[in-house]
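Work through the exercises below with the sequence and the model in view. Each task is followed by its solution in steps.

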Amino acid sequence: MQRVTNEPAKASVSSSPEAFTLIELLVVAGMLAVLAVTLAPALAKSGGRSGRITCFNNKRQVEAACALYSAEWNDWLTPNAPVGAVSPTGQPVGWCPGQENWSASIYNTAPDYYRTNVLGPYVGNVDVYKCPNDKLLSDNGERIRSISMNGAMCGDLPANVRFNIQSFMSGFRVYSKTADLTVPRPANTWVFCDESMFTLNDGYLQVALSLPGYPDVPAAYDVGGNCFSFADAHVEYREWVWPGTTSAGLRNCPYRYGVTTSSSSWGSSGADTDWVWLRQHSSAQ
């Protein structure tokens with residue numbers, strides 16, 4: 001007698017997996033491309049914000065070094081002067097040793113100049129002079145410095161250098177000692193910020209105080225803004241908000257290899273709220 005079973009028949013299984021079709025691969029590639037374009041700005045901002053944290057910490061360390069300098073030198077502020085300023089005996093003055101540029105300036109990359117300047121004994125690591133979001137290289141590599149010092153902060157400068165600085169301060173105050181910081185108060189007077197490579201040369205950032213303009217341009221490396229250290233040792237992030245035009249405003253200042261200014265001032269206007277903020281926090285009449 002024939003045996004009857006209720007077991008279902010087993011389906012045959014192929015030994016090779018089914019492959020993607022060319023159309024499916026193209027669809028996946030297209031989706032990945034769309035995601036890359038969509039997420040790129042967000043990822044860039046995320047990286048910029050990470051660099052901003054390091055920039056904050058760097059500014060705190062530089063400001064702490066300035067405080068130690070003042071404590072050891074009778075309340076004098078860190079000396080600050082344009083490159084080329086010298087004492088009557090021919091000695092260079094100012095905290096910054098020389099000029100950086102897009103080419104192969106020795107001051108771009110030689111740390112010894114920063115280890116032996118007036119802040120050298122108080123700064124342990126020269127990396128604190130650089131914003132990590134300043135990423136474009138000069139011809140001889142990554143520059144040591146991106147920061148510059150408020151031009152109203154002069155410290156103990158020789159009389160001849162101080163006279164020259166006062167001549168382009170347009171009647172605004174020049175500060176020599178911490179006790180001089182009464183208007184604005186220390187919490188409202190910035191000391192260091194990052195300067196754009198559009199104007200970066202020495203460590204002295206000149207501010208236009210009478211009329212709108214930027215003889216030296218504060219950078220916008222930190223997600224469209226800048227980290228400022230203040231005389232009371234706090235650090236503050238300032239996002240530039242004035243839209244400006246293609247030839248004016250801190251948000252629009254070009255940051256490309258080899259691009260620098262050939263004029264006396266980057267553009268601004270009376271509507272430039274960023275210039276108003278900078279003037280109010282730099283000095284006072």
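A nonpolar core is a set of buried Ala, Val, Leu, Ile, Met, Phe, Trp, Tyr and Cys residues joined through side-chain atoms within 4.5 Å; buried means under 20% relative accessible area, with a 1.4 Å probe and protein chains only. This is a predicted model, in which local features need pLDDT of at least 70, side-chain atom pairs count only at pLDDT 80 or more, and totals for chains, interfaces and linings use all residues. Residues are numbered from 1 along each chain as its sequence is written, and side-chain values use heavy atoms, leaving out hydrogens and water.

**Exercise 1.** Find the order of the elements in the protein chain.

Solution. Start by counting: there are five helices and five strands (DSSP runs, numbered from the N terminus: helices are H or I, at least four residues; strands are E, at least two). Then read from the N terminus: α-α-α-β-α-β-β-β-β-α.

**Exercise 2.** Describe the largest nonpolar core.

Solution. The largest core has 53 residues, and W95, F192 and F228 are among those with the most contacts inside it. Next, look at the suppliers: α1 (22-72), β2 and α5 are among the elements that each give at least two residues. Apart from this core lies another of 10 residues, including W102 and Y221.

**Exercise 3.** Which residues of helix α5 (residues 273-280) are buried, and where do they pack?

Solution. D274, W275, W277 and L278 are buried. They lie on the same side of α5 because they cover an arc of only 160° around the axis, taken from the directions from the helix axis to the C-beta atoms. The buried residues of α5 pack against β2 (190-194), β4 (225-230) and β5 (235-239), where contact means heavy atoms within 4.5 Å.

Conventions
Buried means under 20% relative accessible area, exposed over 50%, partly exposed in between (1.4 Å probe, protein chains only).
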